[in-house]
Amino acid sequence: MGVAFPFSAIVGQEEMKRALLIAAVDPSIGGVMVFGDRGTGKSTAVRALAALLPEMVAVEGCPYHRDPADKVKTCAPPCTVDHADPALRTHRIPVPVVDLPLGATEDRVVGALDLERALAHGEKAFEPGLLARANRGFLYIDEVNLLEDHLVDLLLDVAASGENVIEREGLSVRHPARFVLVGSGNPEEGELRPQLLDRFGLSVEVSTPTDLDVRIQVVRRRDAFERDPEGFVAEWAAADTEVRDTLSAAKQRLPQVEVPEQALETASRLCMALGTDGLRGELTLMRAARAVAALDGAEVVSQAHMRGVAPSALRHRLRRDPLDESGSTARVARAIEEVFGGAEVAAQ
Amino acid sequence: MSQPAAGPDTAGPPAEQRESASATLAAVLGPWDDAALAAALLAVDPHGLGGVLVRGLPGPVRDHWQELVRRLLPPETPFRKIPLHIGDDRLLGGLDLAATLRAGRPVAQRGVLAESDGGVVLLPMAERVATGTAAKLAAVLDNGSVGAERDGLTLKAEARIGAVAYDEGGEDDEPVAGALAERLALHIDLTRIAPRDIGEAPAEAPDIVAARQRLCRVTVPDDAVKALCGSALALGVYSMRIPLLAVRVARAAAALDGRDEVDETDAALAARLVLAPRATQMPAGQEEEPAEQEPEEPEPPPEPPEDQEPPEESEDDEQDQLTPEELAEVILAAAQAAVPPNLLALIQAGLGPKRRKTPAGKAGARKYGATRGRPSGTRAGMPGQNGARLNVIETLRSAAPWQTLRRREFEMMAARAREEGYTPANPPRVLVRRDDFRVMRYRQRTLTTTIFAVDASGSAALHRLAEAKGAVELLLAECYVRRDQVAVVAFRGKGAEVLLPPTRSLVRAKRSLARLPGGGGTPLAAGVETAAMLADAAAHHGQSPVLVMLTDGRANVGLDGKGGRAKAQAEAMEAAGRVRLAGHSALVLDTAPRPDPRARQLAEAMDATYLPLPQADAASISQAVQAAAK
């Protein structure tokens with residue numbers, strides 16, 4: 001794959017773009033699921049994000065590209081670097097955005113016995129898989145609903161725990177695997193189990209633009225990109241840099257962003273109104289709102305921040321009523337109207 | 001164009017090229033000419049266009065067309081067929097076993113897609129390609145490269161391919177996987193072309209070479225982009241990929257024609273080959289659409305949709321430059337003219353351009369060995385037993401850690417053998433033992449397909465259509481939990497109709513049900529037959545069908561669509577007998593106000609569970625369906 005389409009050149013699809021940025025600011029948000037029709041730029045957005053992310057500092061020679069700040073004594077095999085060494089060598093690398101191809105086998109995903117060394121030297125060595133490669137970055141699965149269920153389970157489990165535990169073929173390895181899971185899918189090709197859906201932090205619905213001008217713009221930009229990828233990317237470089245700077249600044253600001261009591265209360269009221277199970281909804285909503293505030297350059301989470309991310313954070317957590325025509329998005333919108341309606345007026 | 005046609009020429013010297021190609025575009029275009037043009041366009045930009053979806057069975061026309069594609073592609077261009085049963089290792093690449101064993105280290109081998117880089121792959125029976133394979137192909141078409149993580153290897157290779165997918169499905173087969181069909185720009189239909197219609201090629205190999213060089217220089221004016229986007233919307237083609245592909249097709253057409261800028265003939269051609277076959281609505285006759293969405297076409301061209309004569313020729317003889325409005329109209333008209341003639345009828349039936357329903361019931365062929373289904377891991381075992389297949393990678397993997405030990409053992413045995421005066425064999429590179437063998441484990445998911453056959457006739461409508469709908473909705477909720485597929489057949493008036501082919505989308509199921517009108521006679525036999533055919537098809541795909549009939553059993557319309565109670569009843573019973581013979585699980589929900597003996601008889605004839613709706617509450621219905629599914 002050559003040059004990626006610039007992130008800022010993507011027309012519309014604001015919700016998806018924002019959700020991806022939120023996940024980049026706060027990876028603990030727990031992944032993003034993008035549902036939408038074909039040809040809405042789902043994959044384009046994720047790949048564009050990869051090109052946009054600021055570089056990160058990592059320990060040189062560590063297959064898990066750990067942060068030099070974690071002074072672990074022994075990393076997982078096959079890493080031989082002493083992470084506690086004061087003279088630790090580090091380098092700047094792009095944030096990994098790993099594509100999980102369909103048809104990937106479990107051994108490649110979690111890691112397995114190193115066949116080469118086993119065959120050639122008769123050694124039992126661990127060869128890290130995709131999860132190791134995705135550590136501290138993003139793992140992207142297109143058509144997540146076509147992935148084998150057991151693989152999806154495994155991925156979600158690792159994504160939630162931040163650690164990949166391998167117990168197979170006589171190997172016993174655990175290594176860090178903190179990544180943001182980004183899944184995309186087309187609901188027409190099979191739905192995702194509701195239990196899985198709930199594990200994603202944010203869920204975004206994208207639809208094809210039906211506005212003629214927007215559509216023309218999409219086609220024009222894409223066409224310009226295809227004819228001269230480098231030139232097009234250069235044209236958008238400034239805009240992309242701006243987004244990148246916003247991202248870096250937001251990441252730094254995030255720990256200082258304050259979440260007022262009132263916002264927490266609103267989150268709880270909203271979740272109760274929607275009848276979402278468990279506390280995951282509230283937690284995600286709070287974190288997402290904080291990330292949005294950081295992206296906005298705000299120091300305190302406001303009602304508007306909450307309101308903006310509530311659909312993404314909650315729409316996939318509703319008790320599913322397969323026969324409710326109105327769909328989850330409409331239900332969330334209704335609840336938001338109820339809970340925020342008064343608050344909005346009060347704020348003004 | 002200004003020159004209206006001299007007859008389809010083959011390409012001549014550059015000076016005449018413009019004329020000849022525009023002649024080809026604007027002249028009387030038979031279906032063959034479009035198909036041949038599609039072949040030429042594919043040859044110009046295989047990867048950019050994604051490929052061609054060809055509807056048509058194997059035969060002289062298709063062979064001729066395929067040969068044309070091959071002839072137009074530059075020599076040495078890969079032109080590979082992908083067999084239906086291809087495994088991921090050959091498709092995407094994998095471990096080269098022979099080389100691996102020889103070298104004593106993993107050696108990768110490229111798959112067909114990587115080997116076809118820069119060329120064209122052929123997919124016969126594309127409608128049977130598994131969703132997973134289609135999605136992998138789609139990813140390769142998108143990325144221009146093939147990536148795989150398998151067999152302990154990471155593979156990444158260029159694969160800038162175009163695909164020719166042959167849709168050979170019959171009327172009752174599923175269409176080609178949407179993810180794949182969407183990425184193939186050109187959709188052509190060879191079924192209506194007779195061998196005698198085969199005409200000349202629109203271009204020759206040297207033209208293609210020239211066009212390829214020109215392609216990157218071709219610009220697309222804004223008006224053309226606008227017109228194509230507008231036409232796509234007006235035709236109800238919503239995916240953003242389609243107008244993009246149309247722009248690329250227009251560009252390839254301009255390059256083929258020897259021009260550096262896309263003009264209206266190119267755009268019209270793109271509309272005809274890319275947009276029209278995907279139309280889900282006609283711009284004309286759409287009450288709400290024209291005013292708000294498509295200002296460029298205030299009154300859609302009045303000509304009736306025909307698919308052969310391009311009606312926009314009159315536009316050509318006036319002047320070269322068209323206003324954007326005119327251009328949009330020309331392009332829309334071109335697309336419209338190519339919209340299949342039966343589309344309107346399909347749209348009225350609320351079905352869009354999907355193939356649907358009826359004949360050719362197949363029986364039998366329902367046995368599957370234990371070696372089918374989705375692979376789900378491996379287990380220790382001997383290959384060959386019960387047809388179990390060896391999984392080489394896992395076998396090697398399990399043997400690998402022991403190699404040093406075994407080699408040592410082997411040496412010891414060899415030494416002992418030498419002491420005893422034998423000459424020991426050379427040790428093999430890899431010492432594999434019986435315990436190491438791993439065989440593939442397959443899991444065959446038996447998906448249940450619940451087929452609802454709803455009696456929407458006047459008698460039922462009067463009493464309980466609403467209740468029947470309610471009952472179906474309850475069952476749908478059950479199906480959702482179990483992740484079953486559902487299909488809905490309705491029968492009323494003169495015959496039965498598949499409202500919803502098997503799907504997992506409950507929203508669609510519910511919608512199709514909500515739209516279901518009531519009234520008319522009761523063509524019970526047709527309802528049973530249609531439902532049974534869906535059941536046969538589901539069984540044929542390895543699923544377990546469950547038939548749920550909601551009827552009062554009072555047939556009064558026969559299979560021929562004519563009235564006559566006795567005959568209708570007899571035919572219904574006969575159809576029910578066939579259901580019993582096929583062995584489908586069935587349930588009859590009697591929707592009559594009072595339990596009707598005829599519904600009971602129908603249930604008996606089908607060997608179905610009988611449940612009178614008046615006494616059935618939600619729970620007992622769902623229990624009954626579950627019992628029937630077992």
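With 15 C-beta neighbours inside 10 Å, B:Gly144 counts as partly exposed, a class lying between buried residues, which have 20 or more other C-beta atoms within 10 Å of their own, and exposed residues, which have 12 or fewer, the C-beta atoms being placed from the backbone. The model is predicted, and local features accordingly need pLDDT of at least 70 and side-chain atom pairs pLDDT 80 or more, whereas totals for chains, interfaces and linings use all residues. Residues are numbered from 1 along each chain as its sequence is written, and chains are lettered from A and ligands numbered from 1 in the order in which they are written.

B:Gly144 is located in the loop between H8 and strand S6 (145-150) of chain B, where helices (H or I, at least four residues) and strands (E, at least two) are DSSP runs numbered from the N terminus. Although 96 residues separate B:Gly144 from B:Gly48 in sequence, their C-alpha atoms are 9.4 Å apart in space.

Chain B also contains an open sheet of five strands in the order S2-S5-S8-S1-S9, with parallel pairing; two strands pair if DSSP finds at least two bridges between them. Strand S2 (79-81) and strand S9 (186-189) of chain B are at the edges, each with a single partner strand, so one side of each has no neighbour in the sheet. From one strand to the next, the twist averages 20°. Strand S1 (residues 51-55) of chain B runs parallel to S9(B) and is joined to that strand by four bridges, with B:Val52 standing opposite B:Leu186 in S9(B). Across S1, strand S5 (120-123), strand S8 (162-167) and S9 of chain B lies helix H2 (residues 31-44) of chain B, which runs at about 150° to S9(B); axes are lines fitted to C-alpha atoms, for helices over the stretch in contact, and angles run from 0 to 180 degrees between N-to-C directions.

Apart from residues up to four places away in sequence, B:Leu41 touches B:Leu49, B:Leu186, B:Val249, B:Ala252, B:Ala253 and B:Leu256, contact requiring C-beta atoms, placed from the backbone, within 7 Å.

Note on methods: Two residues are in contact if their C-beta atoms, placed from the backbone, lie within 7 Å.
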